[in-house]
Amino acid sequence: MSSVPSGTERSRVPLFATMNRIPGGLMLIPLVLGSVLGTFAPGALGIGSFTTALFQDSALPLIALLIFATGTQVTFRTGGPVLAHTGVILLFKSLIPAGLIVLLGLVVGIDGFWGLSILGLLAAFDNSNGGLWLAFTGKYGDNRDRGAYLASAINDGPFFTLLFLGASGLGDIPVLTLVAALVPFVLGALVGNLDPQWREVLRPVPNIVIPFFAFALGTGIDLGAVVTGGIGGIAIGVAVVLITGSLVYVGYRFVLRRGRKAGIGFAAATTAGNAIATPGIVAAADPRFTEYVGTATAQVAAAALVTAILAPIVASFVLKRAGGLTSEDEVDVPVATVSAPDPADPDGRTTGGGR
């Protein structure tokens, strides 16, 4: 389906559509372009005024706007089954893996091992790609799974990384920094629930800001570090899918008792594109991590791409072996937002009554 609304002028060069055909392309392509410019012409964007402000210095404010907009999409009216699925994903995709990486860091130090920094590992493991999750569960899951997008809204951004580094003592992260990282999300959730119209107004924000802050992040990445970090990033991406996917699968099968649908858990085994910004944010809070930002950012970028491709493949394979690779019949489960009943389907059995 075309992402261009009907009635709009046809693109002479479909730049946006082309980026969207590539997993994570909306962020990865501008990131690479920014890296090329930052590597071979580092002074080109330093001419000042609006040029420098937008294309070189815009990453943090645009990421903050994205976090606020994400918060507006979260509703407080969520049913128990949806919260149960959300909790399982947060526990097995974010909290347990982050705890294991912190324990590893306490043993080997923040330098990491085999060229893999603890910062890069933590930033890649403790979050998930909510857009991919919604796309996959929209086809093979039910409204409990789609409602569990809340997990991606919660683990999105640098908060968990900052929290675990600070709590473990690996990083000297001020408490106020942790609070500051969460404030835009909380305010967004508050505004979105007080006035749902803001939720609709800010829904397009990711498509607007991601390419711009990705380009700005890219200008600070040396392609030499990408070559070095890219190999490690592929390894991290594969590890994210196999390790966190297996953990969420266990949660789906034995805690939620989803049976043949337990393979859906592997669709959560991703690294969010937003995580590419996390190493820089951590270094801003604790300068000791500054020397690891380039390599960690490159590794996380590679992991985001690898997981976007591999996670749905593995999830589909596991579902197929279990006989669950079919569109899920909806169950009568309360969800965050309830839509009006379809006149052709007054009971809401085929739509689940919500989206």
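In which hand does α6 pass α10 where they cross? The crossing is right-handed. Keep in mind that you are looking at a predicted model. To find the pair, pick out residues 118-125 for helix α6 and residues 159-168 for helix α10. Their axes come within 9 Å and cross at roughly 135°. An angle over 145 degrees would count as roughly antiparallel, and 65 to 115 as roughly perpendicular; α6 and α10 are therefore oblique to each other.

Now look at the side where the two helices touch. From α6 come L119, L122 and A123, and they meet T161, F164 and L165 of α10. By residue type, this contact is made of five nonpolar residues and one polar residue, with no charged ones.

Two of these residues lead us on to another helix. T278 sits in helix α15, which covers residues 278-285. Beyond its neighbours within four places in sequence, T278 is in contact with A123 and T161, as well as with G157 and P158. Is T278 buried or exposed? Its relative accessible area is 2%, and since buried means under 20%, T278 is therefore buried.

Finally, zoom out to the chain. It has 16 helices and zero strands. Of its 355 residues, 50% count as buried. Among the contacts with a separation of 6 or more, 80% link residues 24 or more positions apart. The chain exposes about 16900 Å², and carbon and sulfur atoms supply 67% of that area.

Methods. Residues are numbered from 1 along each chain as its sequence is written. This is a predicted model: local features need pLDDT of at least 70, side-chain atom pairs count only at pLDDT 80 or more; totals for chains, interfaces and linings use all residues. Side-chain values use heavy atoms; hydrogens and water are left out. Axes are lines fitted to C-alpha atoms, for helices over the stretch in contact, and angles run from 0 to 180 degrees between N-to-C directions. Helices (H or I, at least four residues) and strands (E, at least two) are DSSP runs, numbered from the N terminus. Angles under 35 degrees count as roughly parallel, over 145 as roughly antiparallel, 65 to 115 as roughly perpendicular and the rest as oblique. A crossing is left-handed if the near helix is turned anticlockwise from the far one by less than a right angle, and right-handed if clockwise. Contact means heavy atoms within 4.5 Å. Ala, Val, Leu, Ile, Met, Phe, Trp, Tyr, Cys and Pro count as nonpolar, Asp, Glu, Lys and Arg as charged, and the others, Gly among them, as polar. Buried means under 20% relative accessible area, exposed over 50%, partly exposed in between (1.4 Å probe, protein chains only). Accessible areas come from the Shrake-Rupley method with a 1.4 Å probe; for residues, only the protein chains shown count as cover.
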